[in-house]
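Thank you all for coming.

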Amino acid sequence: MKLGGVSMFPYEKLQTLNELETVVYNYINKHQTAVETMTIRALAQKAHVSTSTILRFAEKMGYEGYSELRFALKQHRKHTQEVARGETYDITMPLADFFSKVNSVDFGKLIDQAMDLIDHAPLVLFYGIGSGNSLAQYGARFWSNAGKLSLPVMDPFQPFPAHTPLPEGTVMVVLSVSGETQQVIELVTKVQPEHVKIIAVTNHGNSTLAKMSDLVISYYMPDLVHGDLNLTTQVPIVYLIPRFTIKLATIVSTQTK
């Protein structure tokens, strides 16, 4: 969620939530308009948490109380409506927030964790559907250029027969904006028993895909849709793939000396 270019729920703050506070976040994220008019007790009842949990959530997100959080939700909705009419949306604002985030120490540690999995992998598979499929091809080619065997999974219904298991330690990089697409979840379910490590690159760090993965890289861009089509920017992925490529090339070069 973004408001005037400032994150309502920034990445680094979402990482501080405990399990119950995450429940509050998920409920608000799914019922934003309804929550605008809910009392704190009503929200507590709907989300099955205590009012103190909601207050802690609001405080962690940077709001002084529940009333301020509700006001921010209302302003966010108005801003979203303006974006839908094409009046005020400026992609530079959320992207500036993203580039600030990826240069933080915490995000650097996340990239290091991903690199450790990738470095030890005998094979890297990229998977996505729709625009994610095009980015999967882009990622696989870039990483192959760096010397890491990487292949895109082109067919969302690709079978992985049990009698021909993937090499142990294979990494699958799954690209999904929502983290909830049925074909994505089904494929991850197929490969998990094969000792495959899943790296999710998604816009939603609390999605089903994220919960199924060994490592999650979230970028939290404003969700933009046009009918059934998702117009959420993919610039973060286009940026992250070459950033990983440079690190991979350095590692591979060191190993071959």
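Let me begin with Trp-143, which has a relative accessible area of 3% and is therefore buried, and please keep in mind throughout that this is a predicted model. Trp-143 belongs to helix H9, residues 131-145, and Phe-244 to helix H12, so that the pair links distant parts of the chain, 101 residues apart.

By the rule used here, the count of aromatic pairs comes to six. Another of them is formed by Phe-99 and Tyr-239, whose rings are 5.1 Å apart from centre to centre, with 90° between the planes, an edge-to-face arrangement. Since Phe-99 sits in helix H7, residues 92-102, and Tyr-239 in helix H12, residues 235-255, this pair ties together parts of the chain that are 140 residues apart in sequence. How exposed are these two residues, then? Phe-99, with a relative accessible area of 31%, is partly exposed, and Tyr-239, with 26%, is partly exposed as well. Ring pairs also bring in Phe-98, which is linked with Phe-99 and Tyr-239 into a cluster.

Let me turn to the sheet. It is an open sheet of five strands, in the order S4-S3-S5-S6-S7, and the pairing is parallel. At the edges are strand S4, residues 150-153, and strand S7, residues 215-218, each of which pairs on one side only. From one strand to the next, the twist averages 20°. Helix H8, residues 105-119, packs on this sheet, where it touches strand S3, residues 124-127, together with S5, S6 and S7, and the direction of the helix makes about 135° with that of S7.

Within the sheet I would draw your attention to strand S5, residues 171-176, which runs parallel to strand S6, residues 197-202, and is joined to it by six bridges. Along that pairing, Val-171 stands opposite Lys-197, while Met-172 has Ile-198 as its bridge partner in S6. With S3, strand S5 pairs over four bridges, again in the parallel sense, and here Tyr-127 has Val-174 as its bridge partner in S5. Is S5 covered on one face or on both? Both faces are covered, with Val-171, Val-173 and Leu-175 buried on one side and Met-172, Val-174 and Ser-176 buried on the other, so that six of the six residues of S5 are buried, each falling under 20% relative accessible area.

Finally, consider helix H2, residues 19-30, and helix H4, residues 40-47, which pack at an angle of about 100° with their axes 10 Å apart. Because angles of 65 to 115 degrees count as roughly perpendicular, that is how H2 stands to H4. In this contact, Val-23, Tyr-27 and Ile-28 of H2 meet Leu-43, Lys-46 and Ala-47 of H4. By residue class, the contact of H2 with H4 divides into five nonpolar residues, no polar ones and one charged.

Definitions and conventions. Residues are numbered from 1 along each chain as its sequence is written. This is a predicted model: local features need pLDDT of at least 70, side-chain atom pairs count only at pLDDT 80 or more; totals for chains, interfaces and linings use all residues. Side-chain values use heavy atoms; hydrogens and water are left out. Two strands pair if DSSP finds at least two bridges between them. Helices (H or I, at least four residues) and strands (E, at least two) are DSSP runs, numbered from the N terminus. Axes are lines fitted to C-alpha atoms, for helices over the stretch in contact, and angles run from 0 to 180 degrees between N-to-C directions. Contact means heavy atoms within 4.5 Å. Rings of Phe, Tyr and Trp (its six-membered ring) pair if their centres lie within 6.5 Å; planes under 30 degrees apart count as stacked, over 60 as edge-to-face and the rest as tilted. Buried means under 20% relative accessible area, exposed over 50%, partly exposed in between (1.4 Å probe, protein chains only). Angles under 35 degrees count as roughly parallel, over 145 as roughly antiparallel, 65 to 115 as roughly perpendicular and the rest as oblique. Ala, Val, Leu, Ile, Met, Phe, Trp, Tyr, Cys and Pro count as nonpolar, Asp, Glu, Lys and Arg as charged, and the others, Gly among them, as polar.
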